[in-house]
Amino acid sequence: MIPQNERNRTRQVVHNRIRAKIQGSSARPRLNVYRSLNHIYAQVIDDAAQVTIASASTAGKSAKIKTGGNLAAAKQIGKMIAELAREKGVKRVVFDRGGYLYHGRVKALADSAREAGLEF
């Protein structure tokens, strides 16, 4: 089994490679995902202005989720980030999976955000 610090270092290398290719703009900001063992976080970021437009996480009290390390929580955060982004006038985003595989909680968050009205 690969040690946790080595796995995170590998994820960071993959994330840096992804970030070299995609960039959020005011017309199409970046939807960034970060997941930890117990929580999942999502941000809509305008890289040109270096501003976070909207953010949602299971760690915040506004989510009212007891545990954030499961698919149900990821789906709820995807729906929440889509609603917050739509309130700010964002309809289209570039998806940044943060170096994680597009599987499990990351995929659930993305699919939920699409269903709630965001276009990737």
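Here are legends for several close-up views of this predicted model.

The model is predicted, so local features need pLDDT of at least 70 and side-chain atom pairs count only at pLDDT 80 or more, whereas totals for chains, interfaces and linings use all residues. Residues are numbered from 1 along each chain as its sequence is written, and side-chain values use heavy atoms, with hydrogens and water left out.

**View 1. The largest pocket and its lining.** The volume here is about 330 Å³. On a 1 Å grid over the protein atoms alone, a pocket is an open set of points where a 1.4 Å probe fits, with protein on both sides within 12 Å along at least five of seven lines; lining residues have an atom within 4 Å of a point. Grid points are joined across faces, edges and corners, and the volume is the space filled by probe spheres set on the points. You will find Q4, R7, N8, R11, Y34, R35, S36, L37, G99, Y100 and L101 around the largest pocket. Helices (H or I, at least four residues) and strands (E, at least two) are DSSP runs, numbered from the N terminus. Sorted by class, the lining has four nonpolar, four polar and three charged residues; Ala, Val, Leu, Ile, Met, Phe, Trp, Tyr, Cys and Pro count as nonpolar, Asp, Glu, Lys and Arg as charged, and the others, Gly among them, as polar.

**View 2. Strand β1 and its partners β2 and β4.** Strands pair if DSSP finds at least two bridges between them. β1 and β2 (residues 40-46) run antiparallel, joined by six bridges, and a hairpin of four residues links the two strands. R35 has I40 as its bridge partner in β2. With β4 (residues 94-96), β1 pairs in the parallel sense over three bridges; here R30 is partnered by V94.

**View 3. Aromatic pairs, four by count.** Rings of Phe, Tyr and Trp (its six-membered ring) pair if their centres lie within 6.5 Å; planes under 30 degrees apart count as stacked, over 60 as edge-to-face and the rest as tilted. The Y34 and Y41 pair is tilted because the ring centres are 5.8 Å apart and the planes meet at 40°. F95 and Y102 form an edge-to-face pair, 6.0 Å centre to centre with 85° between the planes. Buried means under 20% relative accessible area, exposed over 50%, and partly exposed in between (1.4 Å probe, protein chains only). F95 is buried at 18%, while Y102 is partly exposed at 35%. Y34 is partly exposed at 38%, as is Y41 at 29%. Y34, Y41 and Y100 form one aromatic cluster.

**View 4. R114 over the ring of F120.** The charged end of R114 sits 4.4 Å from the ring centre of F120. A charge sits over a ring if NZ of Lys or CZ of Arg is within 6 Å of the ring centre and within 35 degrees of the ring normal.

**View 5. Q50 in the loop between β2 and β3 (51-57).** Q50 has a positive phi, near 55°, in a residue other than glycine. Q50 is exposed, with a relative accessible area of 72%.

**View 6. A113 in helix α3 (residues 105-115).** A113 is buried, at 0% relative accessibility. A113 and I77 are 36 residues apart in sequence, and their C-alpha atoms are 8.2 Å apart in space.
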